[in-house]
Amino acid sequence: MKPDPFANMTMVDLTFPVYDDMPIWSAEPRCIIRNWIVMDRKHGSREPLNMKYYCMSGHQGTHTDAPYHFNYAGRTIDQIPLSRYMGWTKVLDFTEKKLGDLFTPADFEKRGVADGDRVLLHTGWDRYFKPFDPLYYDLGHPHFSADGVEWILAHKLALVGMDVPSTDPYLIDHPKVFRNPEQYPIILELMTNLDKIVGKEVYLMALPMHLKDGDGSWVRAVAFVPKT
């Protein structure tokens, strides 16, 4: 029997659960989950199994954005190699960031982020992800400055994930991330539980659905943490 490559690791789920009427941006369609078939329910004849109906945007819950989201020339979800969504990743503490604060080049430099790194940004903002809490989707949530985006591109970061809803809620700088259809970081948004792994280097898997021509996709983001 071949050895389990993850035998000496623990798993931490970094994904929000999907549920009916979960929080959304105001412009997004409502997330709807309904019982479509219910075992033993009488609907003419007895229904033999359970089946739910899901209606939601590919950018709700913990998700990834494809370059096509902001660039017609960019790759769609199904065109991105799965290997881009996995690898060793640094989890950085940004809990000092408050409403209106920005992620800047100086933030990354003082944390020792190197060319080609994968990074997750822990702000603690996921605590606001709950129904009727306007603070989570407040446009002033921590996000990237324009030169912060340029720094990411210049240093060719492979992946940037965060526990806030967007790299840039104003949609001014976000398109720059996908400016080059061939060179772009993987973007993960609306993550959770980063407080459980902050300060560590973990092996991240955040695989998207196989969506043809997809501009974004839900992911099941999981951190594999080496046992100490």
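**Close-ups of a predicted model**

**View 1. Glu96, a partly exposed residue with a relative accessible area of 37%.** This is a predicted model, and here we zoom in on the side chain of Glu96 meeting that of Arg111 in a salt bridge, 2.9 Å from N to O. The two come from distant parts of the chain, 15 residues apart: Glu96 sits in the loop between β7 and β8 (102–103), while Arg111 belongs to the loop between α1 and β9. Arg111 is partly exposed as well, at a relative accessible area of 22%.

**View 2. Asp117 and Lys90 pair up in a salt bridge.** Their closest N and O atoms are 2.9 Å apart. The bridge ties together distant parts of the chain, with Asp117 in the loop between α1 (105–110) and β9 and Lys90 in strand β7 (residues 86–93), 27 residues apart. Asp117 has a relative accessible area of 13%, so this end of the pair counts as buried. Lys90 comes out as partly exposed, at 24%.

**View 3. Arg179 reaches Glu150.** Here the side chains form a salt bridge at 3.4 Å, N to O. It's another link between distant parts of the chain: Arg179 is in the loop between α3 (174–177) and β12 (186–189), Glu150 is in helix α2 (residues 146–154), and 29 residues separate them. Both ends are partly exposed, with relative accessible areas of 47% for Arg179 and 31% for Glu150. Across the whole structure there are 12 salt bridges. Elsewhere, Asp20, Asp21, Arg30 and Arg34 join up in a salt-bridge network.

**View 4. Asp126 is buried but goes without a salt bridge.** Its nearest oppositely charged side chain, Arg127, is 5.8 Å away. What Asp126 does have is a polar contact of 2.7 Å with the side chain of Thr192. Asp126 lies in the loop between β9 (118–122) and β10 (143–144). Leaving out residues up to four places away in sequence, Asp126 also touches, among others, Phe16, Tyr136, Asp163 and Met191.

**View 5. Val202, in strand β13 (residues 201–208).** Val202 is buried because its relative accessibility is 0%, and buried means under 20%. Beyond its neighbours within four places in sequence, its contacts include Trp88, Val91, Ile197 and Phe224.

View 6. The structure has 1 cavity of 30 Å³ or more. Lining the largest cavity are Phe144, Val149, Ile152, Val160, Thr167, Val177, Pro185 and Ile187.

Conventions
Residues are numbered from 1 along each chain as its sequence is written. This is a predicted model: local features need pLDDT of at least 70, side-chain atom pairs count only at pLDDT 80 or more; totals for chains, interfaces and linings use all residues. Side-chain values use heavy atoms; hydrogens and water are left out. Helices (H or I, at least four residues) and strands (E, at least two) are DSSP runs, numbered from the N terminus. Buried means under 20% relative accessible area, exposed over 50%, partly exposed in between (1.4 Å probe, protein chains only). Lys and Arg count as positive and Asp and Glu as negative; His and the chain ends are not counted. A salt bridge is a side-chain nitrogen of Lys or Arg within 4 Å of a carboxyl oxygen of Asp or Glu. A polar contact is a pair of N or O atoms within 3.5 Å; within protein, one must be able to donate a hydrogen and the other to accept it, and residues adjacent in sequence count only if both atoms are side-chain atoms. Contact means heavy atoms within 4.5 Å. On a 1 Å grid over the protein atoms alone, a cavity is a set of points where a 1.4 Å probe fits but cannot get out, and a pocket is an open set with protein on both sides within 12 Å along at least five of seven lines; lining residues have an atom within 4 Å of a point. Grid points are joined across faces, edges and corners, and a volume is the space filled by probe spheres set on the points.
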